[in-house]
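Hi,

Here is the model I said I'd pass on. Have a look at it first, and my notes follow below.

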Amino acid sequence: MESILVLTHVDDSGAALAKTSLEAVSAALNLATRLAAPLSIGVVGGDAAVAGQLAQTGARLLAVSGEAFAQARYSSDAAACEALCRAAQASIVIAPGCARFARVAAGVAFRLGGVIDTHITAIGGTENVEASRWFYRQRLEAIIGREARPWFLLVDPGTHPVYKAPSSQADPSTATVEEIAVELPAQRTTVTGVRSPTLSGETIRPEAKLLFVAGAGWTKKQPDGQVRSSDAAQLILDFLRGSGASLGSSKSLVDQTGENQQVLPFLTHLNQIGQTGATPRHRKGLSTCCYGEEPHVVGWRFISERRAISLDPNCGWARGKADVVYIADAFQVIAELNKLLNPGQG
Ligand SMILES: Cc1cc2nc3c(=O)[nH]c(=O)nc-3n(C[C@H](O)[C@H](O)[C@H](O)COP(=O)(O)OP(=O)(O)OC[C@H]3O[C@@H](n4cnc5c(N)ncnc54)[C@H](O)[C@@H]3O)c2cc1C
């Protein structure tokens, strides 16, 4: 019989489990129920008491905690995960594909003589474990089975619901959490702090409900013969501020940076959506000044509700790739939307 362990970590607040960890807990609970297999949950973080929040899962709770484990660092995280896997004697290890665990999971699998698959989007099977992932830029879905154990599965963020305790009455402090001792190797890395871009500079927001995509049309000659790139930049930034949307781009628009053409200064290739770009997960998407070519739209696979604003009634979106297409001038539409979103501005 399989023995399942889910690896989780405490978030930056130090008082709760990271959201991606709670998604992995959901995936593991589901699998453990289907296989009728024992489930352990391992927690890495500064304070082991956080593990008590998972008491109602009925799983065996293990923790590696203390000052050294409060911050992400390869040597301490890898040692903690290895110790948790050994303590749980796990044959299946499920972990969130977050930055912290994606960095160490392959190394830990190697230390345990196991195997790993990443970017897992679903875990099925009632007799055997069947892990799904997408290949070739989300065009082909593969279902993977393996005999080698332990088998590490790194679950993509956003693919599973966040675990919520069924009752808010239970007292987490009464949970039994087994503290696992870890002998750390000499630490060469000291974490002195975290530096992140200022909020106004962050245009990629994975948690946003809406993906706003800018296409090359924003910087092209408009029907009045003018190029209005600086108007475009202001309209887009105002829209992002008012709506909290994440900013995506077509390849053509980000490529212009290297071609000495008029560009939107806040866009980089990290914003690019599509076959050679990202495939983000947002509930809704609004495409603007973008044609809707297949290599772009393939990056919209996980966007459930799609709308587009284009001047071209024959664009790709209008041919069945969007739920709603507004044949309109995006400069005018976004200016009107911004008045609604940012009423204080003139
Ligand atoms: C191997 C390969 C991989 C590729 N990978 C990607 C990828 O990952 N991502 C990607 O995006 N592309 C990719 N492409 C390129 C893709 O095929 C398209 O060329 C690109 O997506 C077109 O970008 P666009 O729609 O922004 O620009 P355009 O095709 O120039 O379209 C601009 C649109 O804006 C409209 N418009 C102009 N002004 C306005 C206005 N005022 N209001 C409303 N609409 C307006 C126009 O009518 C037009 O439809 C790839 C191509 C290849 C060959």
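Before the contact numbers, the definition behind them: two residues are in contact if their C-beta atoms, placed from the backbone, lie within 7 Å. Among contacts in the chain between residues at least 6 apart in sequence, 68% join residues at least 24 apart.

Two housekeeping points. This is a predicted model, where local features need pLDDT of at least 70 and side-chain atom pairs count only at pLDDT 80 or more, while totals for chains, interfaces and linings use all residues. Residue numbers start from 1 along each chain as its sequence is written.

Overall layout: the C-alpha trace spans about 70 × 45 × 45 Å along its principal axes. I get seven helices and 15 strands, taken as DSSP runs numbered from the N terminus (helices are H or I, at least four residues; strands are E, at least two). Of the 346 residues in the chain, 41% are buried, meaning that 20 or more other C-beta atoms lie within 10 Å of the residue's own, again with C-beta atoms placed from the backbone.

The chain splits into domain 1 (4-179) and domain 2 (199-341), with bounds from an automatic or database domain assignment. Their C-alpha centres are 35 Å apart, and four residues of domain 1 contact five residues of domain 2. On the domain 1 side, the touching residues are two polar and two charged, with no nonpolar ones. For those classes, Ala, Val, Leu, Ile, Met, Phe, Trp, Tyr, Cys and Pro count as nonpolar, Asp, Glu, Lys and Arg as charged, and the others, Gly among them, as polar.

Now helix 1 (residues 19-35). Its 17 residues reach 25 Å from first C-alpha to last, close to the 24 Å expected (1.5 Å times one less than the number of residues). Buried positions in helix 1 include Leu-22, Val-25, Leu-29 and Leu-31. The helix's buried residues pack against strand 1 (4-9), strand 2 (39-45), strand 4 (92-96), strand 6 (122-124) and strand 9 (151-155). Just after helix 1, Ala-36 has a positive phi of about 50°.

And what surrounds the ligand? There are 30 residues around it, the closest being Gly-215, Gly-217, Ser-250, Lys-251 and Gly-274 (a residue is near a molecule if its C-beta atom, placed from the backbone, lies within 6 Å of it). Helix 5 (251-255), helix 6 (294-297), strand 14 (305-310) and helix 7 (330-341) each give two or more residues to that shell, and helix 5 has the largest share, with three. By class the shell has 12 nonpolar, 13 polar and five charged residues.

Cheers

Conventions. Buried ≥ 20, exposed ≤ 12 C-beta atoms within 10 Å, placed from the backbone.
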